[in-house]
Amino acid sequence: MRRDPRVFLIGEDVAEAGHPFKTLVGLVQEFGTQRIIDTPISEPGYAGIGVGAAMTGMRPIVDVMFGDFITLTMDQMVNQAAKAHYMSGGKIKVPIVFRTTLGATRRSAAQHSQSLHAWVSHVPGLKVALPSGPYEAKGLMKTAIRDDSPVVIFEDKMMYRVKGPVPADDYTIPFGVAEVKRAGTDVTIVATSSMVAVALGAAKMLEEIGISAEVIDPRTTWPLDKTTLIESAKKTSRAIVVDEGYERYGTTAEIASVIAEGAFYHLDAPVKRIGAMDVPVPFSPVLEDLTVPIGEVGVRGRENTLPEGVRTMSAPARIDVDLYSDTVSQPTADMRRFMCEAPVGDEQKFEDPTVNQLCEMVAELLGKEAAVFMPSGTMCNEIALRVHARHGEEVIAHRSAHPINSEAGGPAALAGVNVRAIDGPRGQFDVAAVEAAIRPRTRHAPRTRLLWVEQTSNHGGGSIWPLARIEAVTAVARRHGLATHMDGARLMNAVVASGISARDYSAFFDSVWIDFTKGLGAPVGAALAGSREFIDEAWRCKQQMGGAMRQAGIIAAGGVYALRHNVKRLAEDHANARRLAEGLAGLPGVRLDPATIETNIVFFELTGELTAPVAVERLLARGVRMGASGARLIRAVTHLDIDADGIERALAAAREVFKG
Ligand SMILES: Cc1ncc(COP(=O)(O)O)c(C=O)c1O
């Protein structure tokens with residue numbers, strides 16, 4: 001304004017108030033009310049004044065307080081300012097700047113939180129600039145004022161608090177020239193406005209896990225520097241576009257298509273887009289946070305390199321410490337070799353020596369007459385249900401038991417049985433609960449047929465059923481003529497932690513199975529054991545359900561190897577789980593009693609504002625995967641791919657996420 005007397009600024013609360021975000025404080029004192037002009041609430045009116053003034057030789061800056069209010073200036077901006085030069089055969093110029101805002105997370109609700117820059121980027125005749133920081137805000141504004149075309153500048157409201165170096169001299173930033181904010185070789189992240197800072201934060205985290213990200217700020221969405229974007233994607237072969245506008249028909253879509261078309265033969269993966277959720281921005285802070293671009297594996301920027309208040313983004317997660325489940329472990333090289341070399345035959349004909357060997361080992365381990373190899377623990381459970389119970393009969397199980405929650409309705413669909421869920425602390429129930437659940441023998445009630453115990457109890461936090469309790473509840477069952485079944489997915493964890501043999505635990509049950517894919521670390525399989533008669537019937541069901549195999553020894557060998565090598569070491573998993581629990585228990589907003597950790601499963605509750613899905617996402621962005629088991633519950637499970645050092649890395653990430 002000092003340089004060019006034709007420049008004036010017009011809008012609501014721009015003079016005395018210095019703008020609601022205080023960005024114009026002092027201007028009216030310096031330039032007076034003829035050049036800093038307050039208007040009533042009348043966007044169409046003062047936008048029209050601006051367009052007219054620009055046509056007649058002035059250089060107005062029309063300040064539209066919230067980006068949402070550009071809806072009121074559309075005719076002036078889109079139909080008049082953008083078209084006049086073209087429709088007058090170049091005789092009329094409209095050197096006007098519309099200055100407005102974008103961005104959510106100010107708790108300003110649906111009419112004050114949108115990022116509508118894609119709308120105007122769509123219109124030929126308009127130029128659109130998105131400063132990503134204080135330096136860009138000055139340089140792009142100066143270019144806009146000096147440009148002979150109408151320019152719309154969107155500033156992120158959340159960025160007004162951001163401080164950064166701004167040279168005092170008269171510099172400009174050219175339109176249509178992207179800036180490589182950070183060079184990298186593995187992935188290109190194109191980010192606009194405040195998402196640039198978020199992308200730089202993500203790049204820093206990616207660097208820690210060995211991924212080199214190149215971050216590019218296009219600075220103007222029109223003109224768009226296609227060449228820089230395409231060349232970067234050609235170099236890295238992967239691209240992510242992050243922008244706070246709605247994803248659908250949005251800026252991310254345009255930039256992604258530019259890259260996809262220009263770098264098609266160089267890309268290793270589709271261009272990933274991260275934008276705002278396609279919903280009106282909610283007023284509820286919790287819901288609003290979910291709508292901004294944090295993507296599936298996002299990380300809140302706040303805790304990292306970003307200034308207070310700046311929002312977040314996704315980063316492709318590389319998992320360093322995977323505590324999601326003990327099922328995620330990878331077969332070791334030795335196990336793989338053993339599997340490759342296993343002698344095999346036709347399993348259906350009992351001609352596979354490795355499967356036969358495994359079944360003998362399991363029958364012996366569990367003290368049963370026979371065992372059958374199954375593809376999964378789920379199949380062991382479902383087949384046991386079918387063998388023990390007839391259609392219309394009832395099974396008693398703890399409410400958290402696997403077949404109730406995680407077998408896709410199998411008890412009803414495959415065995416046709418009711419499961420009567422009973423309760424008790426830590427995934428266990430007592431004699432009284434069993435007594436109360438057994439149906440009276442009447443024509444009306446389903447017949448109670450089977451009692452079900454899960455050792456250890458997964459959703460009970462890996463709790464070990466004490467032998468005396470098992471003895472007591474199964475005695476009640478037997479007295480009432482019920483069969484008994486043990487889901488021993490993690491029986492060997494109980495064995496190692498308690499020192500009680502698998503045979504002793506199993507003695508109280510008609511059927512028992514163990515899983516090789518949990519703590520034992522094999523890639524496939526479980527084995528169900530019982531009397532010979534029971535196993536014959538189980539085999540019939542397995543055949544019927546398509547579970548009978550051919551040269552299955554190659555996978556059964558994983559089980560043989562696991563039983564030989566991976567049982568004793570479960571003690572390490574238990575020690576790691578305890579250490580994890582002790583470290584987590586001291587953190588703000590975490591409720592956990594480390595004394596309850598008996599085996600390899602750690603559940604903890606969140607007591608503050610942080611929800612489990614968000615916490616899990618933040619952990620994931622730091623390379624640590626855990627599972628959200630509800631709005632406030634998180635599960636972490638140790639296994640043979642996690643060593644003591646991994647636990648310390650997980651705790652370091654947790655300390656960053658759970659800071660209170
Ligand atoms: C207690 C329990 N039972 C059964 C299963 C099913 O085992 P699979 O994944 O081998 O089907 C699981 C799996 O996590 C489990 O935790």
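Trainee: How many bridges join strand β21 to strand β22, and do the two run parallel or antiparallel?
Mentor: Please keep in mind that this is a predicted model. Strands of a sheet pair through backbone hydrogen bonds, and the pairing can be either parallel or antiparallel. Here β21 covers residues 511-515 and β22 covers residues 526-530, with Trp513 standing opposite Leu528 in β22. The two strands run antiparallel, and the number of bridges that join them is five.

Trainee: Which strands are the edge strands of the open sheet?
Mentor: The sheet has seven strands with mixed pairing, and their order is β16-β22-β21-β20-β19-β17-β18. An edge strand pairs on one side only, and that applies to the strands with residues 370-374 and 418-422. From one strand to the next the twist averages 20°.

Trainee: At about what angle does helix α13 run to β22?
Mentor: Helix α13, which spans residues 377-388, lies across several strands of the sheet, including β16, β17, β19, β20 and β21. It lies across β22 as well, and the angle to that strand is about 25°.

Trainee: Which element gives the most to the shell around the ligand?
Mentor: There are 13 residues around the ligand, and Ser376, Gly377, Thr378, His402 and Ala489 come nearest. By class, the shell divides into two nonpolar, eight polar and three charged residues. The element that gives the most, with three residues, is α13.

Trainee: How many residues of domain 3 are in contact with domain 4?
Mentor: The domain assignment places domain 3 at 333-565 and domain 4 at 569-657, and 28 Å separate their centres, taken over C-alpha atoms. On the side of domain 3 that touches domain 4 there are five nonpolar, eight polar and one charged residues. Domain 4 brings twelve residues to this contact, and the number from domain 3 is 14.

Trainee: Why is Glu582 classed as partly exposed?
Mentor: Glu582 lies in helix α22, which covers residues 570-585. A residue counts as buried if 20 or more other C-beta atoms lie within 10 Å of its own, and as exposed if there are 12 or fewer. Glu582 has 16 other C-beta atoms within 10 Å, so the class is partly exposed.

Trainee: What distance separates the C-alpha atoms of Glu582 and Ala595?
Mentor: Along the chain, Glu582 and Ala595 are 13 residues apart.

Conventions:
Residues are numbered from 1 along each chain as its sequence is written. This is a predicted model: local features need pLDDT of at least 70, side-chain atom pairs count only at pLDDT 80 or more; totals for chains, interfaces and linings use all residues. Two strands pair if DSSP finds at least two bridges between them. Helices (H or I, at least four residues) and strands (E, at least two) are DSSP runs, numbered from the N terminus. Axes are lines fitted to C-alpha atoms, for helices over the stretch in contact, and angles run from 0 to 180 degrees between N-to-C directions. Two residues are in contact if their C-beta atoms, placed from the backbone, lie within 7 Å. A residue is near a molecule or strand if its C-beta atom, placed from the backbone, lies within 6 Å of it. Ala, Val, Leu, Ile, Met, Phe, Trp, Tyr, Cys and Pro count as nonpolar, Asp, Glu, Lys and Arg as charged, and the others, Gly among them, as polar. Domain bounds come from an automatic or database domain assignment.
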